[in-house]
Amino acid sequence: MKRIFLLSFILLFAHSSFAATEGKFIQKDNMFPRVEIVTTLGSIVVEMDRSRAPITVNNFLTYVADGSYQGSVFHRVERDEDNERDFVIQGGGYDKDYDGLHENDPIFNESGNGLKNDMYSIAMAYQDRKPHSGTRQFFFNMDDNDHLNPGRDWGFAVFGMVMDGYETLDKIMRVETAFNEKIGYSFVPKDPVVILNVKVLDANQ
């Protein structure tokens with residue numbers, strides 16, 4: 001009997017530990033949690049909007065909680081050369097060797113939440129023509145990208161705004177890029193821009 005009770009306790013504890021890492025349990029009463037993304041080129045503070053994008057925010061926080069963004073890179077630093085404007089900085093999905101990282105189940109696309117893909121907003125990436133395929137990759141809008149907002153088709157779900165660290169994003173935007181044969185993209189930084197850590201800030205910060 002004691003052995004069965006001990007096993008049940010261990011299983012319950014393991015389940016509780018797992019549940020505690022889910023994003024929905026992180027500052028669950030805070031509608032606007034903030035995170036600091038520490039990179040090799042500086043830090044970025046993002047305020048997320050759980051009132052408008054609860055699924056996307058909680059999903060992002062789940063990856064933050066398990067530490068899986070640590071050591072990932074920004075693999076896409078893209079300019080719209082035709083219109084001479086910046087476009088996006090995307091990351092969170094590959095390690096420094098450009099191997100794909102573990103993905104949880106895809107989430108529902110919340111692009112109809114009223115938040116726009118304006119400059120310095122953060123949004124969830126998804127696979128081409130698969131609007132509900134977003135998992136762990138996210139991007140920063142580096143201009144007002146109105147064409148990424150929903151219209152007749154699904155758009156990209158914005159779930160927060162940069163509050164500090166604009167200069168870090170501007171610095172990343174200026175790195176030299178080249179074609180990367182492994183992932184097949186031409187806008188990959190020659191010297192990897194690595195995410196060293198993503199941490200949730202205290203609610204009063």
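This is a short exchange about a few residues in a predicted model.

Modeller: Numbering starts at 1 along each chain as its sequence is written, and side-chain values use heavy atoms, without hydrogens or water. Local features need pLDDT of at least 70 and side-chain atom pairs count only at pLDDT 80 or more, while totals for chains, interfaces and linings use all residues.

Colleague: Why is T168 called buried?

Modeller: Buried means under 20% relative accessible area, exposed over 50%, partly exposed in between (1.4 Å probe, protein chains only). T168 has 3%, so T168 counts as buried.

Colleague: Where is T168, and what does T168 touch?

Modeller: T168 is in helix α3, residues 166-173. Helices here are DSSP runs of H or I, at least four residues; strands are runs of E, at least two; both are numbered from the N terminus. Leaving aside neighbours within four places in sequence, T168 contacts T39, L41, G42, S43 and I44. Contact means heavy atoms within 4.5 Å.

Colleague: Why is F108 called partly exposed?

Modeller: The relative accessibility of F108 is 46%, so F108 is partly exposed. F108 sits in the loop between β4 (85-95) and β5 (121-124). Not counting residues up to four places away in sequence, F108 touches I55, H132 and W154.

Colleague: And why is I55 called partly exposed?

Modeller: I55 has a relative accessible area of 38%, hence the label partly exposed. The place of I55 is helix α2, residues 54-65.

Colleague: Which residues form the nonpolar patch on the surface?

Modeller: I55, F108 and W154 form the patch, with about 300 Å² of accessible area together. Areas come from the Shrake-Rupley method with a 1.4 Å probe; for residues, only the protein chains shown count as cover.

Colleague: What makes residues a patch?

Modeller: Members have over 30% relative accessible area and no salt bridge; nonpolar side chains (Val, Leu, Ile, Met, Phe, Trp, Tyr) are joined within 5 Å, like charges within 9 Å. A salt bridge is a side-chain nitrogen of Lys or Arg within 4 Å of a carboxyl oxygen of Asp or Glu.
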